[in-house]
Structures are given as structure tokens and as C-alpha cells.
Amino acid sequence: KIKKQMFMLAKPSAVGLIAAGLIENIDVLYLQKYLSTYEVGLYSGVSRISLVFALAAYSLGNVLYPRVAKYRNKEDIKAFIKKAFLILGASVIGFIAFIPFGKLSILLTIGAEYLSGLSVLYLLTASSFIAVASIPFIALFFSFKANWYFSISGILQLIIVLIGNSIFVPLYGLEAAAWTRIAARTTLFIFTFMAAMILYKKTYSSKK
């Protein structure tokens, strides 16, 4: 029974994982095609700083996913949703708190020659914090056993990244790649939040 459940989850999760890997790296490929080596290096450098916050999102997921998967009653889910909103608020505050230290983070890590990528760093960091805010709502789908979510959300983001980079990177350069990633993360958050709330009401509407 356990093997069957793992296999049912593995298929959509594999699609989502592959899509996530492509999303994190495909913008660099488009930049290499349309922009100079310097610009690609600039983008790659500042993206490594924002990666710290993206890793925080993945680490948070590793903590929350197995825990929320055990929730089976309305009270536990309702209490967790309140905590999810707290994490959302903390993500907004965290990004605002990072802004004054953006320049310093570049100087202390990759060097002053990358300062021209400060605006791109802010955009990429914003996308990472949006990912952090999405994690607790994503965790709800483990409780709802809605395995379809993981493949659909991954494919949805991948489509946005592919279309956005192919159309806007040749026109607007580095910032277009960063804005495309924000668009993908924002779409993920909206889709995740709406789907989670719909499933919550559907699952527990008849339960007091």
C-alpha cells in the first residue's frame, strides 16, 4: 500500500521537479543566446545571492511537507493556514528588510564589478521570497492528497518562463529574465492559494 502511494505521488512530483530545475536555469540559456558574456556573468553572479533565499524556501518545504501530510482534521488544517499567512507576512517583511543590504551583499560576495546588477538582484530576490511565501500553501496539497497539483504547477511555471524569456529577453535584456521569473512565481502563488482554498472548502465544508 505504501509503495502504491509513493508511486502515485512520484509521477506528478517528478514532472514538477524537472520543471523546477528547468525554471531555475533556462533563463541563463536565453541570456547566452541573446546577450553578451558580461551580461550573462552579471546575471549569474547576482542570481547566486538570491539563491540563498531560494534554498530557504526548499528547506522550509522539507520541514513542512511531511508534517502537514499527517493532518487529517479541520482544526489542524485551519490552524496551519493561519501560520501560512504569518509566513506570507514574514516573507514580505523579509524582502523589505533585505533591500537596504542589497548593495552590501554584492560587495561582500561577488565584488563591486557586479553592482550594475543591483536592480536584477532585487527582482530575483523578490521571486525567491514569493517562493518562500508559497511553500506553506503548497504543503496543504500533501494533506489533501491532490497529487495533480505538483505536475500542473510545474508545467504552468515552465510555460510562463519559456514564453517570457523567448519574447522579452531579446527586447529588454537582463531585467526581462528577472521579471519573467517573478511572473512565474507570482502565478504559482496565486494558483496555489486559490486551489488550496477551494480544496479546503470542498474537503471540510460539511465538517464542523
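**Reading the labels**

Modeller: Happy to! By the salt-bridge rule (a side-chain nitrogen of Lys or Arg within 4 Å of a carboxyl oxygen of Asp or Glu), the count comes to one. This is a predicted model, where local features need pLDDT of at least 70, side-chain atom pairs count only at pLDDT 80 or more, and totals for chains, interfaces and linings use all residues. Residues are numbered from 1 along each chain as its sequence is written, and side-chain values use heavy atoms, leaving out hydrogens and water.

Colleague: What makes Asp27 and Arg181 a salt bridge?

Modeller: Their closest N and O atoms are 2.4 Å apart, and the limit is 4 Å. Asp27 sits in helix H1 (residues 2-34) and Arg181 in helix H7 (residues 174-204), so the pair ties together parts 154 residues apart in sequence.

Colleague: Is Asp27 buried or exposed?

Modeller: Buried means under 20% relative accessible area, exposed over 50%, and partly exposed in between (1.4 Å probe, protein chains only). Asp27 has 1% relative accessibility, so Asp27 counts as buried. Arg181, at 8%, therefore counts as buried too.

Colleague: Why is H2 called roughly antiparallel to H3?

Modeller: The axes of H2 and helix H3 (residues 74-98) cross at roughly 170° and come within 14 Å. Angles under 35 degrees count as roughly parallel, over 145 as roughly antiparallel, 65 to 115 as roughly perpendicular, and the rest as oblique. So H2 is roughly antiparallel to H3.

Colleague: Which residues make that contact?

Modeller: Contact means heavy atoms within 4.5 Å. Phe53, Leu60, Leu64 and Val68 of H2 meet Phe80, Ile87 and Phe98 of H3.

How values were computed: Helices (H or I, at least four residues) and strands (E, at least two) are DSSP runs, numbered from the N terminus. Axes are lines fitted to C-alpha atoms, for helices over the stretch in contact, and angles run from 0 to 180 degrees between N-to-C directions.
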